[in-house]
Amino acid sequence: MSTQPIITRFVLTEKAIRLAEKENTLTVVVPRSVNKKVIRDYVEKAYKVKVIDVRTLITMEGEKKAYVRLSSENNAIELLTNLGLL
């Protein structure tokens, strides 16, 4: 794994916050070159959480967005709050 951060930025729209509350899912923007396995490994090591699933898509702006679902032992809202994003 490279030393550069994989997450470009966190998405904090109404939909992203609703996903964090209801589905325990983080929404992040990542470089287009990274795959799901790299995203999973990075989030698990950087934030010390357990990841269940990673889904990705390319937005109309050309950005790669990843939906990272955390296990029930970890809380996505609590993580965002601890990072100072909420």
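## Salt bridges and a buried threonine

The structure holds three salt bridges, a salt bridge being a side-chain nitrogen of Lys or Arg within 4 Å of a carboxyl oxygen of Asp or Glu. Side chains of opposite charge can pair when their charged atoms come close.

Before we visit them, a word on the model. This is a predicted model, in which local features need pLDDT of at least 70 and side-chain atom pairs count only at pLDDT 80 or more, while totals for chains, interfaces and linings use all residues. Residues are numbered from 1 along each chain as its sequence is written, and side-chain values use heavy atoms, with hydrogens and water left out.

Here are the pairs in one view.

| Pair | Closest N and O atoms |
|---|---|
| Glutamate 63 and arginine 9 | 2.8 Å |
| Aspartate 53 and arginine 55 | 3.9 Å |

Let us start with glutamate 63 and arginine 9, which form a salt bridge. Glutamate 63 sits in the loop between strand S3 (51–58) and strand S4 (64–70), and arginine 9 is in strand S1 (residues 9–10), so their pairing ties together parts that are 54 residues apart in sequence. Helices (H or I, at least four residues) and strands (E, at least two) are DSSP runs, numbered from the N terminus. Glutamate 63 is partly exposed at 29% relative accessibility, and arginine 9 is partly exposed at 38%. In these terms, buried means under 20% relative accessible area, exposed over 50%, and partly exposed in between (1.4 Å probe, protein chains only).

Lysine 37 counts as exposed, with 54% relative accessibility, whereas aspartate 41 is partly exposed at 22%.

Aspartate 53 pairs with arginine 55. Aspartate 53 is partly exposed at 31% relative accessibility, and arginine 55 is partly exposed at 39%.

Arginine 55 also leads us to another residue, as it is one of the contacts of threonine 25. Threonine 25 belongs to strand S2 (residues 25–30) and is buried, its relative accessible area being 1%. A polar atom of its side chain lies 3.0 Å from the backbone oxygen of glutamate 23. Leaving aside neighbours within four places in sequence, threonine 25 is in contact (heavy atoms within 4.5 Å) with residues including Ala16, Leu19, Tyr67 and Ala76.

Definitions and conventions. A polar contact is a pair of N or O atoms within 3.5 Å; within protein, one must be able to donate a hydrogen and the other to accept it, and residues adjacent in sequence count only if both atoms are side-chain atoms.
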